[in-house]
Amino acid sequence: MIKILCENEDIKRDVFEFIRLHFPSYENNNEDFKISIIEGKDLELDINFRNIHEKIILRKMQENRLNKIMIKQKLYILLFDYFELHDSWGILTGVKPIKLTLKLMEKNSELEVRNILKNLYYLLDDAIDLCLDIAKIQYKYIYPLDRNRYNLYVHIPFCPSKCSYCSFLTLNNDKNTLEKYTENLIEELKVNSEFIKNPPRSIYIGGGTPTVLNEDELFKVVNTINNYYGKSLEFTVECGRPDTIDFNILQMLKENAVDRISINPQTMNEDTLVKIGRKHSVEDILDTYEMAKKLKFNSINMDLILGLPDEGQKEVINSLKIINALNPENITIHTLALKNGSKLYKDDFNNKNNMNKILEISKTMTMENNYNPYYMYRQKRMLGNGENIGYSKKGLESIYNIAIMEEKESILGAGMCSSSKFFYPETNKLKKVMQYRNINDYFSKNIEIIRKKEKYFNDFEF
Ligand SMILES: C[S@@+](CC[C@H](N)C(=O)[O-])C[C@H]1O[C@@H](n2cnc3c(N)ncnc32)[C@H](O)[C@@H]1O
Ligand code: SF4
């Protein structure tokens, strides 16, 4: 068991996460990994793990951020040879390394940023290169900051069935519930639109699987957005599973200003699709992709997951060869995260393949095919401490994905489980308002959330 004793909750959380990342087996085993941190005039660290019994005194700094860095640096050096998992991310525990890189870029030259990432955060060169490549692409989308810029996110929390790796809160698509949900969502979109004067920069309908709505319902949602919010620079519908998409739905989306969709295989190996409960075949993916291509969407994204059951290098290479041949504008490559609540987590699944090698292969294969990484994030319990990376052909990066990752502009949410984020550049702070996560609350108390948002809307001229 990992036991971190520290009165400062912020330090405690960060050190716990650092140890958990590098010693995953200690999260639940019987052997203690104990670190106590006492904050007095100095910082006193007492580390007890296997045959290591060390006491370290560090000079305490004013800023908590610096104390966390110093403590993790010491632990990194002391424990490096014992790490169960090595990665390229040094002492970084946060899920969004690009946020840090962008912040450093605001005040430092590229060389200085490189040195800070290397010498302060101990990142290895491959991670530093990735951060800088992505941050340079994002920079032109984000700066100069504009406090009155906003994006619109619409959530559809339904799926036809549950995939074994997934822990997203999704509901079964019962016909009456879908109908009622559509009505409520449209009402919420209309009321929210009273607070805006200009179109959003980007629009994203995500889920769940938005295409579980039938053509008529989805049309009503898209049409409400077009009529009440106007035309944005990018309008994405995450179609997701090919078994929910047909030509008519795609054509309706295309005719109603949607210019970016995703068709998500997760893998191009038939056996794996069955094992993860995807309920569609490789052929379905190819057919759906061909339909979408005929309709000439501006951008198609395809999601893949590395580390799925019984998938090693051979299987990933096969998936990527097929996807590369299709040549979609965007590919998003996730590393499997074993999430609480998913079937794989309950089954105690692990993939024994070398995830670092698989991740490296996926990077090489996409980059060789002229895709550039343009956003990335890390999650808890990812196999091999891997990453999720969004790749794009040049100039076709998704504006919404950058906005949601880097949190430098506001996002208005609509729909159950959605969150609205109001960004204040003056203080670099986000104020969040969460919609209900229970469908009956969403149906009956939706208006309370709209009132909560009202006070923030007044701070902006959207
Ligand atoms: C919000 S989900 C919705 C996508 C859509 N419903 C579909 O399944 O095609 C977005 C993506 O997250 C990824 N994802 C979901 N759960 C994951 C997990 N446990 N580990 C890694 N990636 C995951 C999948 O690639 C999925 O396409
Ligand atoms: S991966 Fe997509 S389709 Fe599968 S359960 Fe999760 S949200 Fe639903």
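## Strand pairing

Two strands count as paired if DSSP finds at least two bridges between them. Helices (H or I, at least four residues) and strands (E, at least two) are DSSP runs, numbered from the N terminus. By these terms, β3 pairs with strand β4 (residues 52-58) in the antiparallel sense, over seven bridges. L45 stands opposite I56 in β4. β3 and β4 form a hairpin with two residues between them. In that turn, R50 has a positive phi of about 45 degrees.

This is a predicted model, in which local features need pLDDT of at least 70 and side-chain atom pairs count only at pLDDT 80 or more, while totals for chains, interfaces and linings use all residues. Residues are numbered from 1 along each chain as its sequence is written, and chains are lettered from A and ligands numbered from 1 in the order in which they are written.

I38 stands opposite E44 in β3. K34 has N48 of β3 as its bridge partner. A hairpin of three residues joins β2 to β3.

The open sheet has four strands, in the order β1-β2-β3-β4, with mixed pairing. β1 (2-6) and β4 stand at the edges, each with a single partner strand, so one side of each has no neighbour in the sheet. From one strand to the next, the twist averages 10 degrees. Axes here are lines fitted to C-alpha atoms, for helices over the stretch in contact, and angles run from 0 to 180 degrees between N-to-C directions.

Helix α1 (residues 9-22) packs on the sheet and touches β1 and β2. The direction of α1 makes about 160 degrees with that of β1. Contact means that the C-beta atoms of two residues, placed from the backbone, lie within 7 Å.

## Around ligand 2

A residue is near a molecule or strand if its C-beta atom, placed from the backbone, lies within 6 Å of it. Around ligand 2 these residues are C159, K162, C163, C166, F168, T170, G207, G208, T209, G240 and R241. The shell divides into four nonpolar, five polar and two charged residues. Ala, Val, Leu, Ile, Met, Phe, Trp, Tyr, Cys and Pro count as nonpolar, Asp, Glu, Lys and Arg as charged, and the others, Gly among them, as polar.

## Cis peptide bonds

G207 and G208, both in the ligand 2 shell, are joined by a cis peptide bond with omega of about 20 degrees. G208 sits in the loop between β8 (202-207) and α7 (215-229).

Y143 and P144 are also joined by a cis peptide bond, with omega of about -5 degrees. P144 lies in the loop between α5 (125-142) and β5 (150-156).

## Loop residues

The loop between α9 (270-275) and α10 (282-294) holds S281. K279 lies in the loop between α9 and α10 too. K279 is not a glycine, yet has a positive phi of about 60 degrees. K279 is partly exposed because 15 other C-beta atoms lie within 10 Å. The cut-offs, with C-beta atoms placed from the backbone, are 20 or more others within 10 Å for buried, 12 or fewer for exposed, and in between for partly exposed. S281 is partly exposed, with 14. S281 touches E270 and L273, not counting residues up to four places away in sequence.

C417 has a positive phi of about 70 degrees, although not a glycine. C417 is in the loop between β15 (410-414) and β16 (419-424). C417 is buried, with 21 other C-beta atoms within 10 Å.
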